[in-house]
Amino acid sequence: MADLDLIVSEAVAAFAVIADAPALEQAKARYLGKTGVLTELLKGLGKLPPEQRRDSGAQINAAKQRIESALEARREALAAGALNARLAQEALDVSLPGRGRGRGSVHPVMLSWQRVEAIFHSIGFDVADGPEIETDWFNFTALNNPANHPARSMQDTFYVDAKDSEGLPLLLRTHTSPMQVRYARQHQPPIKVIAPGRTYRVDSDATHSPMFHQVEGLWIAEDVSFADLKGVFLDFIRRFFESDDVQVRFRPSYFPFTEPSAEIDIAFSSGPLQGRWLEVAGSGQVHPQVIRNFGLDPERYMGFAFGTGIERLTMLRYGIDDLRLFFEGDLRFLSQFG
Amino acid sequence: MQFSEHWLRSLCNPPIDTEELSHRLTMAGLEVEECQPVAPAFNGVVVAEVLSVERHPNADRLALCQVDDGSGHVRSIVCGAPNVAVGIKVACARIGAQLPGETADKAFVIKLAKMRGVESQGMLCSARELGLSSDHEGLLLLNETLAVGTELREALSLDDNRFVIKLTPNRADCLSVLGVAREVAALTGTPLRTPDVTPVVATSDDKFSTRISDRKACPRFTSRVIRGVNAAAATPDWMRQRLERAGQRCISALVDVTNYVMLELGRPLHVYDLRKLRGVIDVRFGKTGEQLKLLNEQIVTVDESVLCIADDSGPIGLAGIMGGDSTKADLSTADILLESAFFLPEIIAGRAKRFGFSSDASHRFERGVDFDNNLAGIERATRLILDICGGEPGPVTDVVHDLPARSAVTMRVVRARRVIGVAISSDEMIGIFDRLGMPARRSGSGEAECLSIDPPSWRFDLRIEEDLIEEIARVWGFERIPAKPPIAPAAMLPASELVRSLHDLRHTMAASEFREVINFSFVEARWESDFSREGSVLQLLNPIASQMSVMRSTLAGGLIANLRFNLNRKMSRVRVFEIGRVFWRDTAQSEEALAVKGIAQPVRIAALAFGPVAEEQWGLANRSVDFYDLKNDLEHLLAPNCPKQWGGGLRFDAFTSEHAHPALHPGRSARVILDGCDIGWIGELHPRHQAGYELPQAPVLFELDTKPLLRLSLAKHAEVSRFPAVMRDFAVVVPEQLAVQSMLDAMRAIGIDCLKSVSLFDLYRGKGVPDGCKSLAFRVIMQENQRTMTDQDADAVMASLLRVLSESFGASLRS
């Protein structure tokens, strides 16, 4: 039965050159169809003597299986080829930009504001917010800064055409410190609060804006000392700038509502501002008269307060060198921030 | 406060260098703002005398001078200065001298040179060539008493530094070189050398009568007559130098002396021309309507709140502020009255500012002047006047009434340690008070140990225990106080799930592609009239500019300005938002813990969108942003506030024509209603403003109160039905002007339990729909909780919906 091998090799060769499924099925019919070569051979078995029948039958079936497996392999190859062709054809330029809506941004000053809140929240400080048009009492007198005191000239004040119940003109708060008084009068010690917000002073040049943001901090309890103020603020500065490479210096100063009072300067040990002392905050132990104005007994309670400019912190954090950029609403500036 | 280091060191000279001195002052609270050499580096410049001046043989404008520079050789020097003359003393740079160059590190070296063929053996210098001033008019002329050959730096004491210190208002005692020296002495333990104030012996009996009508306001008035002074005498160089280095302009010997004593001792003085005084001097409050011409030529009108120095002619000076023109001493004055007074700080405070100026005297009197150095000051000034101008001094008249009480202040040692947070020993504290010139008395011991001091007459800031604690902390050294990590009970600080913060709103807006801006709270008046729907606007009494004169009651104006700013910078798509307070008069607002009576100042959020709805990009057809795009952004922002079920609490109601919003297109704007409350508005800018603000298209804006947005309700789980939902769509034709919301409301109002939602999914106008009508397609979702809905159930629901729409709105089903 040498022709069986020939038939198989013919079939394999024929399948291999076929490029599409219908042609393959036609070729299959030529060997395995009703009138196919192998089918005819099987039909012819009956004519053989019985002793040859078994052997021949087995050989023909073996050949049939070989053709069927070649057929199957060819079918799979054709399918895989077709899929590959489709995939190739469907391929995208994955480097084209994603489609649809973009992202806006939060103002850098607000990013700092939020981070300051988060840092102080992590050691248990509450956050408070209050009026920006204030009374003379909350902005000055309650903070131990009476009328005509030379310290008032430290903060040039905007006034509005409305008066308080004392007949004094209402003003735009010159600092966030009135919130110390407002908050402390509503809460019992231990008082731990920060009050970020807008503040206003009659001042406008390259380094001063008539409106700016401050964050006030206040911690009143039974034994909160100046050393604690140094500890908290140092920690805050290092967390805010995420660097231990920043020095903090407390320099004696004067504010009517704290005593002892300190200006806080910071200096970076690397970067463009390396080694320069930069003023970032005013601070001190809350003045006993102010503690009394909180409605508390200064013999029992003491603590510290500080006020720091959020714009200043933001400029140092992101390397911004012009304060005015914050208030221009220039999209090219704003788009650089989260 | 500005002064030269030499002057300071003449009173207290600690063994530390300039840099350390500057650091110590700063760290004691006298912030050194500036510390600059009075002259740049140069060398090889000596005092020389011009012996002869001849015309340069080859140049008309140059002279050939023979100069004695003290070297023993006469130098031949070419000079082009117009003021060169025989006999003058000048600064001569010898060959090899290094003068200040164009840059700090590049000196200008003087070489032997030929000028127009003639050798010049050095250079005669102008003040500018030495970097001493910008004066280039001619040679720097030196005092003729200076010895030839002396190094110029030594002769003019140029190795000196100009200190500028920034003083806090409580430290008026340091508004003098003596005050600063006192501080340096305390900080370094170096002894203080006070200036010589030995009384000058009177050589006449001349006095001038003074009467003090207001003894409380003026507790001390000291004066002296000096006759026969030469007011035109020259102020000596050493005094000029110190005054100039203290930033004080030299005027005339008499004025210079008073300024000198003020700067040295902190003692303001005044000189009157005795012959111009009428009758007696009286210290009294002004009378309404009285006028006075001051030394600065300003004419002021005084009243009963202003303390004046007067004579029989009326007010002749503002006490503690400035003298008057009518009695001023000038170069022809021969007889003078010197005044050395003390006025109470609270009497002087704020008065000069009211007249729109400030003076050295008012700056000091407002803050407190030593009331124990009136005599020292007048004696010091007398001595100097006699030395410079000559004259016959009379006796001192010292009228003293009730000087400020100086009661002892006591500090508990334990309290000081508690406040500072460091266990400083009481011995160390006593040492600090001693060095500050206020010896302490010790009483009690242990927990009860106290230190008491009597505040010196020059300190006006020591009244209570904390004032002393501050002195201890300051002088002991803030730098030495440790930074203690705080210790506190570890209480949890909860953040409620029912509240969101303004920061959450910010990040939501940023996710919707808006950029946050910060605009000023004071705006142009026009913005308010154009954009605000609030009542009474607040004006600033002292705006810095007219376009920042009213408090904003809406954020809209700022956002439109932001739009204009960016359009001018070629941006075509602008999406901005702001969160901030707005302000207006509101009589309903009462005094509250966090509110000021009569003023509404809520925090608002506002957004503006302009230009293409999306950033220009491939594969997306673009169009201009409109009302509905911004409405979607608003709904996104408010999603956490609205119940998730159909018919949540957010609605948009068109403005009625009589309450139209002034900023907005009346047909394209709405009030935003959350849970029945008006929380703000949304709309397209009115075409009138689009034109008025020169905008190429109308932006869309919204503004909302933030307070209702920050309150959230707790999510509440409702069981999800396990039975299949039925979905049906239908379309109806209705009149164009019918609002969809009213149809949705009507369908919801039927109250069918299984009706889960009805939503609009298509809006069609055109072929098949009559003119003046629109076709609205709704999708209905129905579901029962306990059983599967049948077709008949669904048909019944649909029928009742259609009936309501047909009966209420004349809607007809579109087939």
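1. Helix H4(B) is largely enclosed by the rest of the structure, because 11 of its 12 residues are buried (buried means under 20% relative accessible area, exposed over 50% and partly exposed in between, with a 1.4 Å probe and protein chains only). The buried residues include Val177(B), Arg182(B), Glu183(B) and Leu187(B). Helices (H or I, at least four residues) and strands (E, at least two) are DSSP runs, numbered from the N terminus.

2. This is a predicted model, in which local features need pLDDT of at least 70 and side-chain atom pairs count only at pLDDT 80 or more, while totals for chains, interfaces and linings use all residues. Residues are numbered from 1 along each chain as its sequence is written, chains are lettered from A and ligands numbered from 1 in the order in which they are written, and side-chain values use heavy atoms, with hydrogens and water left out.

3. The length of H4(B), residues 177-188, agrees with expectation, because its end C-alpha atoms are 16 Å apart and 12 residues at 1.5 Å a residue should span 16 Å (the expected span is 1.5 Å times one less than the number of residues). After H4(B) comes Gly189(B), with a positive phi near 75°.

4. Strand E19(B), residues 307-311, is also largely enclosed by the rest of the structure, since five of its five residues are buried. Both of its faces are covered: Leu307(B), Ile309(B) and Asp311(B) are buried on one side, Cys308(B) and Ala310(B) on the other. In a regular strand the side chains alternate between the two faces of the sheet.

5. Which strands pair with E19(B)? Strand E16(B), residues 281-285, is joined to E19(B) by four bridges and runs antiparallel to it; two strands pair if DSSP finds at least two bridges between them. Here Arg284(B) stands opposite Cys308(B). Strand E20(B), residues 314-318, is likewise joined to E19(B) by four antiparallel bridges, with Gly317(B) as the bridge partner of Ile309(B). Two residues separate E19(B) and E20(B), which form a hairpin.

6. Chain B also holds an open sheet of seven strands with mixed pairing, in the order E27-E30-E33-E37-E36-E35-E34. Its edge strands, each pairing on one side only, are E27(B) (515-516) and E34(B) (650-654). E27(B) runs parallel to E30(B), residues 574-581, through two bridges, and Arg515(B) has Val576(B) as its bridge partner.

7. Ser340(B), in strand E22(B) (residues 336-342), is buried, with a relative accessible area of 0%. A polar atom of the Ser340(B) side chain lies 2.9 Å from the backbone oxygen of Asn374(B). Leaving aside neighbours within four places in sequence, the contacts of Ser340(B) include Phe221(B), Arg267(B), Asn374(B) and Ile378(B) (contact means heavy atoms within 4.5 Å).

8. In chain A, Arg238(A) belongs to helix H8 (residues 226-240) and counts as partly exposed at 22% relative accessibility. Not counting residues up to four places away in sequence, Arg238(A) touches Ser243(A), Asp244(A) and Val246(A). A polar atom of the Arg238(A) side chain lies 3.1 Å from the backbone oxygen of Val246(A).

9. Chain A is divided into domain 1 (4-89) and domain 2 (108-337), with bounds that come from an automatic or database domain assignment. The C-alpha centres of the two domains lie 90 Å apart. Arg238(A) and Leu6(A), 232 residues apart in sequence, are 87 Å apart in space, C-alpha to C-alpha.

Definitions and conventions:
A polar contact is a pair of N or O atoms within 3.5 Å; within protein, one must be able to donate a hydrogen and the other to accept it, and residues adjacent in sequence count only if both atoms are side-chain atoms.
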